[in-house]
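Hi everyone, thanks for coming.

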Amino acid sequence: MKLKKQVTVCGGAIFCVAVFSLYLMLDRVQHDPARRQNGGGNFPRSQISVLQNRIEQLEQLLEENHQIISHIKDSVLELTDTGAVSPSGQLPFRSANGSWVLPFDGRPTFLSVKPQDCQFAQGRRGQTDLQMLDVYSLLKFDNVDGGVWKQGFEITYEPGEWDSEPLQVFVVPHSHNDPGWIKTFDKYYTDQTQHIFNNMLVKLTEDPRRKFIWSEISYFAKWWESADMHKQEAMRKLILGGQLEMVTGGWVMSDEANVHYFAMIDQLIEGHQWLEKNVGVTPRSGWAVDPFGHSATMPYLLKRANLTSMLIQRVHYSIKKHFASTRSLEFMWRQAWDQKSSTDIFCHMMPFYSYDVPHTCGPDPKICCQFDFKRLPGGRVNCPWKVPPRAVVEANVAERAHLLLDQYRKKSKLFRSKVVLVPLGDDFRYDKALEWDQQYLNYQRLFDYMNSHPEMHVQAQFGTLTEYFTAVYKANNVPQGARPPDYPVLSGDFFAYADREDHYWSGYYTSRPFYKSMDRVLESHLRGAEILFSLAVAHARHTGMEGRYPTSDYTLLTDARRTVALFQHHDAITGTAKENVVIDYGNRLLHSLQGLKRVIINAAHFLVMKNKDVEKDWERQPSGPRYLVLFNPVEQDRLCVVTVLVNSARVRVLTEDGQTLPVQLSAQWSSASQMSAEVFQASFMVRLPALGLAVFHLYDSADTPMTLRSETLLRLSGRGQTAHAVDPLPLRSQTADPQPFYTSTQSLTLGFSGTTGLLESIRRKDDPQELKVQIQFVTYGTRSSKDKSGAYLFLPDGKAKPYSQKEPPVVRVVEGPLFSEVVAFYQHFQQTIRIHNVPGVDGLSLDVTTMVDIREQSNKELAMRLVTDIQNDDTFYTDLNGFQMQPRRRFLKLPLQANFYPIASQAYIQDSQHRLTLHSAQALGATSLESGQLEVILDRRLMQDDNRGLGQGLKDNKKTANRFRLLLESRSTGNKVSHGPTSFPSLLSHLTSAILNHEVIALPVLPKKRGIPPLHTFAPFTGALPCDFHVINLRSIQHQVTRSDQDTHSPSPYTALILHRKGLDCGLETPNPGFNCTTTEGQLGLSSLFRNLDLQLLQPVSLSLMYSSPPMANDSSVSLEPMEISAFRLKLR
């Protein structure tokens, strides 16, 4: 039996790898304008047949007259500059220093940032009582034995303390349901979760005093969809009657380290929209008991979704102890950048080790465990402290009640009010009717005894989380959500988390990077699909063609939203689930990616058709060009290099209006030194409209002076290695020497080590001296003692050791007019550094891709380290969720692993002259261990479990591409570096992050027998958005009332526009971004923003769309403060 199971798991794994490597191929390998036929020039489908079969399957699904456009995000697809040849017909040429000069479309571009938009970063911040960076400086992090509360201290009280104001106790029953961890989401539901809901219905109805809280809407929705009307009605009654509270209300209890704020918001909207539609309830309180550390982004998002209070649990034990000793466990959590208090949200931090029953009634787990009545003798769970619970009966109720009250009183001494919260639950609890009876009947007897003895001065009851918070506000005489007098204000975050000793949970920041990367690819596609779908539906309405547009695509969107939401769960994106569960997540991600391709294809197809009535007007061109449609998912115009795969070395690219573009023809490599003879890369420069679709024509045609070939040099170690050129691409090889070598564009000159082939220096064209920026690879081992690194924990065996291999690497240098790249081939990784020779954002940073494969390693972690002359001392900066920057300090009093932090999108180091930013397209763990250094862990392979419940190591590594952009900036003279609790990226840095995270999506048009309808460029906006604005989403809103099946699968007439205004550091020199970039002090006029659409409603709403303000006049401007995220309900047609 066991064997069979393993075969399935393996089979599943192979399927997942095969399918996803297929996706990656699809991803990297654009399509081929193909071989000449009939002397014409149309391009048949020839390459990558598997992939094309997949596309053909999609094709069948589309309506007859929908031509297929096969999608793909392309890692090669970088952004760079420009449009067609200048009217003078000037050709590319090489300048005296050897760098290429290209003819651009000559459009003047300008940059205009208002001084007011720069003041925010320099402005004074309101003082907070607790700044987490200061708390870190203050604490000793000594692990002193605290007695029964091991990580705390002895708590004492005077017996008469509650005489004038009795203690109020709220016991809150809960069940923590992971949407995938040891079992898959579906298996957990079948085995456990459905029974929890079914028992809940019966047991809560038996006694109105019983309460319960629930947080994971993914499970609740699954149960609801299979329940009959009577069950649904009974459940709705429990919720609306206040016996069952929905807390947070997200699709999952999201991780907070690896998640990007796009997905954090999206999973919150998905849960809240579901609740609003099906139950009619709005969550008031946040509940996050299991994420492994807490981000400051979460309180901001919950506050903007109109929640009034929140609770957190997994915080470093030393911080818990400090907060407990100063009675600061309840505080107002404020954003570090908030100059007033508009972001404040009331937060409760649980004081003890865990959220299970032994660690929630008070400081002594040996006593608390006796009040977890699921552990009564005879059951499957017992108390490790060897004193079992006893059922409460007449004979022992007095003794039991006094013992428990003592714990309640001690716990309440850690807080400022005489109200105490006692969670009662654990993972997947209450799945059997017996446990409901054991807990509720025994506790009710205890409460009845306590409440009928006034000399005990206690009022105890079951409660919901919000009932607890309401009692705290009432005891302090303040309205819901307001700051009680003398409660502290805190800013900062709670990473890294340690639950005991030096066990820091900083390993999961990188664990399973393949899936972390895949998640972000899916998020970028989801956002692109949402925007194109909303625009297509609005344009269909505008032209009276509602019936013609396949709004059934809305089902595919909903499916993808829910897949992305599910993957934000704190055991999914974290890489901390069992291997078979990881495969289940991977299959879901892949399935949704395929669905999103279809949504993008259909929407793009509709929007680029010149004549929307597709029956007429087909161009019959048996020998015409191949069309290529490019989608730019960024909200600014984009100058970029696009690379597609072609199967002919003779290729010509024209813009929609017939101008020939310069093309750089390069090899597609089948190995380090072997070119493919069948497939070539064609790279060309394009200017793409903001969030728009541009149309290009590809011809197979004789050489033109506009087709320029890449020149390749292979640097070999000389031991019998050979290189084979493929006509017509030039290839030279030489024996590597230790002298450094250089490659340059108009903006940058890079120096590389002759020995390692890795980056050594960067010189920007306006800087006289080059800056040392050395890339090194290092490895960490794990300890030899009992506790070793695993999926969660990082427990290294000391400092990293340099990565070494016996053979010198093969190094490939490719140079050409549009891009140059250097690729170094090592045994466990290959690194590609590419620079684009274009003006603007794309030409100002280095594109770095590290392909990692450590499947032969054992207990090793591979890191990429940048070593520079920047004098950042012990300070560095990491982002939180791609939303904000958090200053960090390296503390020598902490172990090495405690100085690692999560990065979702970037980290930087700086001094008075330079800032070096490593932008990342996937979440990883990063640090700066020495002045001038910045390092990031790329992958980890660990052979054992780390004793946190998973029961497995990390052995299912995949070959993974980690993608980065490296940006070096100079600080303008006279602009000092601020050392406060805030820091902001520059405008250029924000734009660099956008192009890395939202790559151009290429949609080749496959010709049909009857030709192709005329296509034209689609630009959705009438003007430019301010360039400090980011469109987080343009999300079609569901129908609110379920009148028929029809409505669940089609969108309502409304769309949610979610905008974020970025905070800018203007102290860094801003080069020309390559497009017209202006800021407007946060003002944006929406009424005429969308070309050919009318704005019929403009209504500010809360972040998860549940609360609405009165509609604004349609011609009003909306206004955003720096860093703010705002949501609006629009009706566009």
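Glu-999 sits in the loop between α18 (987-997) and β43 (1001-1004). Buried or exposed, then, for Glu-999? Glu-999 counts as buried because its relative accessibility is 2%; buried means under 20% relative accessible area, exposed over 50%, and partly exposed in between, with a 1.4 Å probe and protein chains only.

A word on where this comes from: it's a predicted model, in which local features need pLDDT of at least 70 and side-chain atom pairs count only at pLDDT 80 or more, while totals for chains, interfaces and linings use all residues. Residues are numbered from 1 along each chain as its sequence is written, and side-chain values use heavy atoms, with hydrogens and water left out.

Now the whole protein. It has 19 helices and 50 strands; these are DSSP runs numbered from the N terminus, H or I with at least four residues for helices, E with at least two for strands. Of its 1133 residues, 67% count as buried.

On to the sheets. There's an open one of six strands, in the order β4-β14-β10-β11-β9-β8, with mixed pairing. Its edge strands are β4 (130-131) and β8 (285-288), each pairing on one side only. Two strands pair, by the way, if DSSP finds at least two bridges between them. Inside that sheet, β10 (residues 330-333) and β11 (residues 345-349) pair antiparallel over four bridges, and Phe-331 stands opposite Cys-347 in β11.

Another open sheet has four strands, ordered β16-β20-β19-β22, again with mixed pairing. β16 (638-646) and β22 (707-709) are at the edges with a single partner strand each, so one side of each has no neighbour in the sheet. β16 and β20 (residues 675-688) pair in the antiparallel sense over nine bridges, with Phe-680 in β20 as the bridge partner of Val-646.

What about the inside? The largest nonpolar core has 258 residues, and Phe-220, Met-235, Phe-323, Tyr-408 and Phe-494 have the most contacts within it. A nonpolar core here is a set of buried Ala, Val, Leu, Ile, Met, Phe, Trp, Tyr and Cys residues joined through side-chain atoms within 4.5 Å. Helix α15 (residues 513-542) gives the largest share of this core, 15 residues. Beyond its neighbours within four places in sequence, Phe-323 is in contact (heavy atoms within 4.5 Å) with residues including Leu-130, Phe-331, Met-349 and Phe-494.

Last stop: strand β35 (residues 875-880), where six of the six residues are buried. Thr-875, Tyr-877 and Asp-879 point one way, and Phe-876, Thr-878 and Leu-880 the other. In general, side chains in a regular strand alternate between the two faces of the sheet. β35 pairs antiparallel with β36 (residues 884-889) over six bridges, and Thr-878 stands opposite Gln-886. Three residues lie between the strands of that hairpin, and Asn-881 there takes a positive phi near 60°. Two bridges also join β35 to β38 (residues 906-910), again antiparallel, with Tyr-908 as the bridge partner of Tyr-877.
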